[in-house]
There are 2 protein chains.
Amino acid sequence: MIEEEIISQNEKKILLIVLDGLGGLPVEGKTELEVANTPNLDALAKNSSLGLTWPIDYGISPGSGPAHLALFGYDPMQFRIGRGVMEALGVGLEITNDDLCIRANFATKKGNIITDPRAGRLKGYEVSPDEKNRQLTQRLQEALKEIKGVEIIIRPGKEHRFVIVLRQKGLSIDLEETDPGRNDKKELLIKEPKPKSKEAEFTAEVLKILIEKAEEILNTEPKANYILLRGYSKKPNLPSMQERYKLNPAGIAAYPMYKGIASLLGMKVLETKPTWEGEIDCLEENKDKFDFFYLHFKEMDMKGEDGDFWGKVKLIEKFDGLIPRILKMGFDTIAITSDHSTPALLKSHSWHPNPFLLFSPYGRTYGIIEFNEKACAQGNLGIFPALKVMQLLLAHSLKLKKFGA
Amino acid sequence: MIEEEIISQNEKKILLIVLDGLGGLPVEGKTELEVANTPNLDALAKNSSLGLTWPIDYGISPGSGPAHLALFGYDPMQFRIGRGVMEALGVGLEITNDDLCIRANFATKKGNIITDPRAGRLKGYEVSPDEKNRQLTQRLQEALKEIKGVEIIIRPGKEHRFVIVLRQKGLSIDLEETDPGRNDKKELLIKEPKPKSKEAEFTAEVLKILIEKAEEILNTEPKANYILLRGYSKKPNLPSMQERYKLNPAGIAAYPMYKGIASLLGMKVLETKPTWEGEIDCLEENKDKFDFFYLHFKEMDMKGEDGDFWGKVKLIEKFDGLIPRILKMGFDTIAITSDHSTPALLKSHSWHPNPFLLFSPYGRTYGIIEFNEKACAQGNLGIFPALKVMQLLLAHSLKLKKFGA
C-alpha cells in the first residue's frame with residue numbers, strides 16, 4: 001500500500017540479501033539453518049528484528065519468479081512473469097515489448113519418441129556442457145536468422161537449456177508447449193506447438209518451421225538432435241522500483257534468472273564474477289553509486305534441490321563467514337532472508353515460511369541470539385507476507401513519511 | 001488462492017478432526033484444554049506444527065455453518081448457507097436448487113401468545129422427545145402434502161425441532177421469521193410470515209396456510225399445538241471439494257447439521273453410530289476408500305454451551321484416549337482443531353482463535369510438548385485465518401505443485 005506521496009528520499013542505503021532456498025525442514029530434529037554453526041549471524045540476530053515471511057500464501061510453494069516479485073513488493077498474483085521472459089533477460093537479452101520469449105532445450109529424439117528430454121544435460125562431450133551448448137546454439141543462430149519475416153534470436157543457457165526470442169509485432173503466446181513432460185516414462189511422444197486460438201496460427205507456423213529446421217541442422221548430433229519449447233511469454237508491464245519507491249536500485253547475482261528479474265524491475269544489473277566473494281567485491285565497489293542493493297546467492301537452493309542437507313549446512317556456514325565484510329560496509333538497513341525454502345528433505349522449493357532478519361538502528365530487538373526458523377518464529381515481526389518486506393525496509397530506512405494527518 | 005493447475009493428486013490421506021467448540025477461556029487461570037490431562041495430545045504436539053486460527057475475523061463469533069465453511073477453505077463471506085438448508089441436509093433430505101428450506105419447531109400457544117417457543121422440548125411424554133417429534137411430524141406430513149400446488153416435505157429433527165421443505169420453482173426466502181425470539185420474556189406475541197418484497201407474496205401465502213393447517217392438526221396437543229418457522233433458505237451454489245481440491249472426501253459426524261455441511265461440499269457422508277467410538281470405527285472401516293476425512297465430535301461444544309467447564313475437560317480427556325487408535329491408522333496428514341471456541345465461561349460460541357495442530361512428516365516442529373491455547377500461541381504457524389487450513393493440509397500432503405516458475 002505504499003503510495004507515492006508518502007515516499008521520502010534520503011541518503012540511507014538498503015541491502016537486501018537473498019539466500020536462495022535458505023529455509024529448511026528438520027532432519028533428526030533440526031533444520032539446515034538450526035544445525036549450522038553461524039556465530040556471525042547469531043550475533044547479528046541479537047541486534048536485529050526477526051520474523052518469518054510467507055512467500056506467496058499459506059501452503060503455496062513458489063517458483064523463483066513469483067517469490068522474488070513478492071519480496072520486491074510486487075504482488076505475484078497481479079504481476080506474472082513467464083519463464084521464457086526470465087530466461088531471456090537472464091542471458092542478457094534486452095527484450096522489447098513485442099518479443100515472444102521461449103525457454104528451449106536440447107533433447108534426444110528417435111522416430112516420434114523423445115528418449116531424453118534433456119539430451120543427457122549435454123554431458124559426455126570433450127567440451128563442457130555449457131561450451132557444447134554455446135557451439136550448438138551458435139550453429140542454430142547462424143542458420144536461423146529469420147523465418148517468414150520474423151527475426152529469430154537464439155542464445156545459450158546453462159547445460160541443455162537455451163533461449164529463443166521471436167521478434168516481430170503481433171506474435172502470440174497462446175500455443176501448446178512441445179515439452180512432453182518430466183515424468184519417469186521411458187517413451188515420450190513428440191508434441192507440436194499447436195495454436196490454441198486463431199491469433200496464434202501464424203506464430204505456430206513459424207515455430208513448426210523453426211523446429212523442423214533445427215532438426216535438420218542438428219541431425220549429425222547423436223544426443224542433442226532435437227529441440228523442445230516451453231514457457232512462451234512476453235515482457236510484463238511492471239512499474240520500475242525507481243517509479244514505485246524512488247530508489248536507485250542495483251542487483252548483484254551470478255545466475256541469469258535473477259539478473260533477469262532485477263533488470264525487469266528497473267535495477268541496474270551489475271557485472272560480477274560468479275562467486276560469492278566476487279559478488280561481495282562487486283557490492284563493495286558499487287556501494288556509493290546506489291541506495292538499494294539486491295544481493296543474490298544461489299547455491300543453497302541447489303544443495304536443497306539435490307537433497308544435500310550437509311552441503312546446504314556448509315554453504316550457510318560459508319555465508320556466515322562473509323558477514324563481517326558485509327557489516328563493515330556500513331549499510332543503514334540490512335535484510336537477510338530467502339525467496340522460498342528449499343528443504344533438503346523435500347528436494348524442491350517448499351511453502352514453508354522464510355527466516356527473515358532485519359538489521360536497523362530503528363528496529364525492535366529482543367535479544368534472540370540465534371538466526372534460524374525457530375528463532376524467527378519467536379521473533380518480534382511475527383509471520384508475515386513477503387510482499388510487505390519492502391515496506392519494512394523503506395520504513396526502517398526512514399524513507400516513508402507519515403500516512404495521513 | 002488455490003488454482004486448479006497447481007493441484008496435484010496423490011495417494012496421501014488427510015484427516016481433519018474437528019472438536020466442536022474446543023477452544024476455551026481461563027477459569028481460575030486455565031482453560032479447559034490447559035487443565036485437561038492429555039498425554040497423547042501433548043506427545044503428538046511435540047512432533048507437530050502448532051498455531052491458532054481465526055475462525056472468520058478478529059472478534060467475530062461464528063455459527064457452525066460459516067466456521068466450517070472457512071475450515072474447508074470456502075470464504076464464509078462469499079458462500080452463505082442458511083440454517084434451514086443445513087437442517088434439511090442434516091435429516092438426510094436431498095434438496096434441489098428450487099427448494100425453500102425452513103427450520104421449524106413445535107411451540108406452545110395460548111391465544112395470541114407463545115407461552116413456550118420450544119414446547120417443553122417435547123419432554124414429559126410416555127415416549128422420548130425424538131419419538132414424539134416423529135409422531136407429530138408424521139401427522140403433519142400425512143395431512144399436508146401440498147398447498148396451492150407447492151409440494152410440502154416435513155421431516156423430524158431432534159427434540160422440538162423439525163424441517164419443512166417447500167418444493168417448487170420461484171419460491172422466495174424474503175419473508176419474516178415467525179419465531180418470536182428466545183429471550184426470557186414470559187409473553188411472546190405470535191408473528192406472521194410477512195413478505196418483505198413483492199416476490200415473496202405467494203410464498204408468504206403458502207406458509208400462512210401451512211401454519212393455520214398445522215394448528216388445526218395439532219389442536220389436540222396440550223403442549224406442541226403450534227409451529228414456528230425460521231432460517232428460510234435455499235441451497236447455495238458451492239463448488240464441491242472434488243472440483244476445488246481434486247479430493248475424494250468423506251465426512252463422519254453424529255449430528256445432522258455437520259452431515260449436512262459435509263454433503264453440501266460434496267463429501268460422502270458415511271453411516272456411523274452416533275458415539276465417538278462409533279465414529280472412529282467408521283473411520284477405520286472406510287480409511288482405504290477416501291483420501292480426505294472430516295471427523296466431527298460435537299459434545300465439547302454442548303458442554304461449553306451448558307457452562308460445564310469440568311464436563312468439557314472430561315470430554316477432552318476422553319478424546320485424548322482415542323488418539324492412539326487414530327494414529328495407528330497411518331494417515332499422512334492429521335489436523336486437530338475446532339470450528340470455533342465455546343468457552344464454558346461464556347456459555348456460547350466465541351471469537352477466540354482455535355488451537356490448531358498439524359501432524360505431518362513435512363512440518364517444522366519445535367518440540368513444544370503441550371497442546372492447548374497457550375502452546376499454540378507460541379507455535380511456528382502463528383495465528384492465521386482458518387480459511388487457509390486446507391491450503392496447509394494439501395501442501396503438507398504434497399498435493400500442491402509449484403506456483404509459477
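Two copies of a chain are related by a rotation about an axis and a shift along it. Keep that in mind as you explore this predicted model.

**Stop 1: the two copies.** Color chain A and chain B separately.

**Stop 2: where the chains meet.** Now bring up the contacts between the chains: 27 residues of chain A are in contact with 18 residues of chain B. On the chain A side, select helix 3 (64-71), helix 4 (83-90) and helix 12 (373-377), the elements that each give two or more residues to the side touching chain B. What classes of residue does the side of chain A that touches chain B have? Sorted by class, that side has 14 nonpolar, 9 polar and 4 charged residues.

**Stop 3: a residue in chain B.** Next, select helix 11 of chain B, residues 309-328, and find Phe319(B) in it. Is Phe319(B) buried or exposed? Phe319(B) counts as buried because 22 other C-beta atoms lie within 10 Å, and the cut-off for buried is 20 or more.

Show its partners too: leaving aside residues up to four places away in sequence, Phe319(B) touches Leu19(B) and Phe297(B). To finish, draw a distance from the C-alpha atom of Phe319(B) to that of Glu277(B); the two residues are 42 residues apart along the chain, and these atoms are separated by 9.8 Å.

Methods: Residues are numbered from 1 along each chain as its sequence is written. Chains are lettered from A and ligands numbered from 1 in the order in which they are written. This is a predicted model: local features need pLDDT of at least 70, side-chain atom pairs count only at pLDDT 80 or more; totals for chains, interfaces and linings use all residues. Two residues are in contact if their C-beta atoms, placed from the backbone, lie within 7 Å. Helices (H or I, at least four residues) and strands (E, at least two) are DSSP runs, numbered from the N terminus. Ala, Val, Leu, Ile, Met, Phe, Trp, Tyr, Cys and Pro count as nonpolar, Asp, Glu, Lys and Arg as charged, and the others, Gly among them, as polar. A residue is buried if 20 or more other C-beta atoms lie within 10 Å of its own, exposed if 12 or fewer, and partly exposed in between; C-beta atoms are placed from the backbone.
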